[in-house]
Every structure is written in C-alpha cells, then in structure tokens.
Amino acid sequence: MGQIIEFPCCLYCHSNQLGIFLTGNNNPMVMCDECGYACRASIEHFDQPLTKVSIC
C-alpha cells in the first residue's frame, strides 16, 4: 500500500529543506538546501512552508 507523505521532500536525497524560486521565464522551481537538486514546483510545494523564496 502507498505511503502518504505529509511534507514534500527532495526527490534525490529526501530532505524536506526546500526553497522555491522563479526562473527568468517565471517558472516556479524548488531547490533542495541539502544537495542542491532542483525540479519544477508542484501544488504540494505551495501548500507547505518553504525555507526561502527568491526570484532569480
């Protein structure tokens, strides 16, 4: 049976220390503070507190 994840986590290292940023094309991205892995932000990321928000 599947497992329910309360907080979004890094797909690579499974840390929940994530930050969100906007690219030059205004695409929201999430970056892991632990390993630096970045991926496109999903709706789960916007429902949880993030460590930092920045615009690049």
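I began with the pairing of strand 2 and strand 3 (residues 38–40), and I found that three bridges join them in an antiparallel arrangement. I keep in mind throughout that this is a predicted model.

Within this pair I looked up Val30 and noted that its bridge partner in strand 3 is Cys39.

For Leu22 I looked up the bridge partner in strand 2 and found Pro28. Strand 1 and strand 2 also form a hairpin with five residues between them, and here the residue I noted in the turn is Asn26, whose phi is positive at about 60°.

I then checked how well strand 1 is covered, and I noted that four of its five residues are buried, so that I describe the strand as mostly covered.

Finally I went back to the loop between strand 2 and strand 3, where Tyr37 lies. Is Tyr37 buried, exposed or partly exposed? I class Tyr37 as partly exposed because its relative accessibility is 35%, which falls between the cut-offs of under 20% for buried and over 50% for exposed. I also found that Tyr37, together with Leu11 and Tyr12, makes a nonpolar surface patch of about 380 Å².

Notes:
Residues numbered from 1 in each chain as written. Predicted model: local features only at pLDDT ≥ 70, side-chain atom pairs only at ≥ 80, totals over all residues. Heavy atoms only, no water. Pairing = 2+ DSSP bridges. Helix = DSSP H or I, 4+ residues; strand = E, 2+ residues; numbered from the N terminus. Patch = residues over 30% accessible without salt bridge, like charges linked within 9 Å, V, L, I, M, F, W, Y side chains within 5 Å. Areas by Shrake-Rupley, 256 points an atom, 1.4 Å probe, with all protein chains shown as cover. Salt bridge = Lys/Arg side-chain N within 4 Å of Asp/Glu carboxyl O. Buried < 20%, exposed > 50% of the residue type's maximum accessible area, 1.4 Å probe, protein only.
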